[in-house]
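Here is a short tour for your next look at the model. Keep the sequence and the 3D view side by side as you read.

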Amino acid sequence: MMKKHLVMAVVPFLALGCGDDLVDADGDGIADGVRVPDSVTVVSPSTPKGTVSGQVLSTDLRPMGGVTVEMTIGSSAEAVQATTNDKGNFTYTNVPGGAQVLLTFSRAGYATMRAVATVPSTAGNVPINNGNASFGPITLSRLDGTLNFLVVTPHGRPAAGARATIEATPAGSIGSGDTSTSMVSSVVVEAVANDQGLVSFTGIPSAAELARLSRSGTPQFKLWISPLDLNNDGFPDTGGHVATYTAAEVVANATTRLISLPFSRPQNVPLSIESSNVASLRGGGADFHPLRNLVRPGELVHLFFNQPIQSGSLFVRMTDEYAAETLPVTATVNSGGYSASINLGNSIADGREYNIDVRAVSAEGGSMYSRTGFFFTGDQTAVRQMSISGARYQEVSPAGAPAASQLNNGEDVFLSFNYPITRPSNVNGPVYAHVNWDIGGATPGVIGDYPGEVGNALGFPLSPVEPNAPVPTRIPNELPTFQINNSGYTTRWAFTYYGPNSIPSTSFGGLQIVVKFSDLPSRSVNGTYENYLGQPLTTDLSVSGLAQHPAPVAPP
């Protein structure tokens with residue numbers, strides 16, 4: 001075997017002696033013209049050369065001329081450029097064998113792609129001078145797409161200023177050539193949410209364009225939304241959001257997607273208010289705490305639906321705590337039906353409770369949403385000075401009867417506080433009201449020796465009388481403008497007067513009623529009454545004067 005290999009190795013050189021017509025002009029041991037190449041320096045060059053070539057196509061597989069192909073060899077900072085012809089072809093010659101080349105493909109209006117390959121320098125164990133690194137076919141996608149997202153805070157307000165990034169991958173592809181190659185192909189675009197929370201990405205591949213690149217993997221859009229610092233104190237007030245959407249999914253459902261930080265948008269559900277600064281209006285996640293139903297002075301009420309609503313289907317009504325009249329509001333649908341803004345105008349006052357009724361019809365399937373909620377007005381950072389703004393008793397005696405026009409045993413006295421208050425569930429027992437009047441007792445003219453009198457430990461239990469209809473003035477009672485829901489907070493409280501001595505109307509002007517909030521902590525270790533902003537009531541409040549609310553009468 002050894003001898004056989006040696007004989008074969010010298011055969012080409014022995015051919016020189018087989019005839020007088022063979023010429024070896026360059027003296028390299030190979031007869032000139034017998035084979036091509038006929039030079040040892042070409043067959044086994046000391047610095048072999050090769051080529052880099054390929055073809056560039058659009059995603060619909062049409063040749064792309066005018067594509068700039070920039071080549072960088074190794075770590076060299078020097079780059080050379082070529083341009084594809086009408087057939088989409090390009091070629092680089094005299095590229096050093098064994099070199100690793102980086103090609104960058106670019107054309108205005110199309111994604112940029114980068115690919116890496118190595119030019120061959122050997123064939124078996126023999127260096128060659130015609131190795132080719134073939135790229136192609138290379139596919140580039142057009143950048144004519146737009147993708148929109150609607151971003152809101154966890155509190156239901158537009159996430160204005162939220163920074164978002166989207167990455168479309170792959171934005172190009174490369175077919176199998178003569179050598180193994182690797183590529184980097186994606187488009188990254190940044191955007192900032194506008195005042196309505198709308199984030200619009202432009203200059204990206206359309207979903208259909210991206211979907212045609214499925215042979216290079218699963219084409220997809222990946223979305224990042226950075227955490228949002230709402231008050232600019234350096235600490236994020238919301239979480240971020242990351243989601244991935246396949247190109248095929250976006251093609252099938254090209255609607256604007258709602259992103260509620262940090263929650264996900266539900267799919268395939270009936271129409272619902274997914275987020276709002278009036279949390280009692282939300283769908284399955286309704287929240288009735290006053291601080292999550294607080295509208296600051298001059299602020300809009302924001303509604304964000306989980307799907308677009310039909311144009312003209314939004315119907316909004318508003319009334320005050322007593323539901324006696326409808327207050328004017330203006331509702332505007334935004335973001336293609338995904339959101340709405342309710343302008344309360346001059347209908348509201350600071351520190352009050354209001355009821356709101358919202359109805360809308362989905363543009364996707366026709367499902368209807370109807371919800372009645374409530375909200376409070378004010379700023380949670382403002383300290384409220386509590387007071388009793390008025391006292392009035394409900395006359396129950398027929399007009400003209402002897403007992404009329406005086407506060408009698410068993411009649412109710414209503415106190416109106418300047419802000420809504422509540423008695424939390426962990427408070428044991430009610431707060432007491434007292435009057436500076438001789439209700440009874442062993443000694444006539446002495447105040448304090450009978451329950452309910454100022455100075456006595458016992459008083460009249462004060463109870464909430466949250467209205468769900470106007471205060472009665474006739475029989476039957478007036479109906480509310482729409483059916484409202486109780487919030488558990490109210491400005492209207494009452495106690496029932498009991499005592500052997502009635503209070504005549506001639507003494508109403510000097511009558512003082514005191515609510516002893518200071519006595520409650522001694523009877524309740526778990527807490528005290530509080531206003532709608534969560535501020536505790538620990539100081540006694542009083543009101544002077546008593547008005548009459550006439551007994552309801554039947555219409556003539």
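## The protein as a whole

The protein exposes about 26,600 Å², and carbon and sulfur atoms supply 53% of that area. Please keep in mind that this is a predicted model. Of the 556 residues in the protein, 43% are buried.

The secondary structure consists of five helices and 39 strands. Among contacts with a separation of 6 or more, 67% join residues 24 or more positions apart.

## A four-stranded open sheet

Let's turn to one of the sheets. Four strands form an open sheet in the order E19-E21-E25-E24, and their pairing is antiparallel. Strand E19 (273-276) and strand E24 (330-334) are the edge strands, each pairing on one side only. From one strand to the next, the twist averages 25°.

Three bridges join E19 to strand E21 (residues 301-305), in the antiparallel sense. To find this spot in the viewer, look for Ser-276, whose bridge partner in E21 is Leu-303.

## A strand covered on both faces

Which residues of strand E18 are buried on its two faces? Arg-257 and Ile-259 are buried on one side of this strand (residues 257-260), and Leu-258 and Ser-260 are buried on the other.

E18 also has a parallel partner: strand E10 (residues 145-152) pairs with E18 over four bridges. Within E18, Ser-260 stands opposite Val-152.

## Salt bridges

Side chains of opposite charge can pair when their charged atoms come close. Here the count comes to 13 salt bridges. One of them joins the side chains of Glu-209 and Arg-212, at 2.6 Å from N to O. Glu-209 is buried, with a relative accessible area of 1%, whereas Arg-212 is partly exposed at 34%. Both residues belong to a network of salt bridges that also links Arg-142 and Asp-144.

Two other pairs are worth a look. Arg-292 and Asp-287 meet through their side chains in a salt bridge of 2.4 Å, N to O; Arg-292 is partly exposed at 43% relative accessibility, and Asp-287 is partly exposed at 21%. In the salt bridge between Arg-317 and Asp-357, the closest N and O atoms are 3.1 Å apart. Because Arg-317 lies in strand E22 (residues 315-320) and Asp-357 in strand E26 (residues 353-361), this pair ties together parts that are 40 residues apart in sequence. Arg-317 counts as buried at 19% relative accessibility, and Asp-357 counts as buried at 2%.

Notes
Residues are numbered from 1 along each chain as its sequence is written. This is a predicted model: local features need pLDDT of at least 70, side-chain atom pairs count only at pLDDT 80 or more; totals for chains, interfaces and linings use all residues. Side-chain values use heavy atoms; hydrogens and water are left out. Two strands pair if DSSP finds at least two bridges between them. Axes are lines fitted to C-alpha atoms, for helices over the stretch in contact, and angles run from 0 to 180 degrees between N-to-C directions. Buried means under 20% relative accessible area, exposed over 50%, partly exposed in between (1.4 Å probe, protein chains only). Contact means heavy atoms within 4.5 Å. Accessible areas come from the Shrake-Rupley method with a 1.4 Å probe; for residues, only the protein chains shown count as cover. A salt bridge is a side-chain nitrogen of Lys or Arg within 4 Å of a carboxyl oxygen of Asp or Glu.
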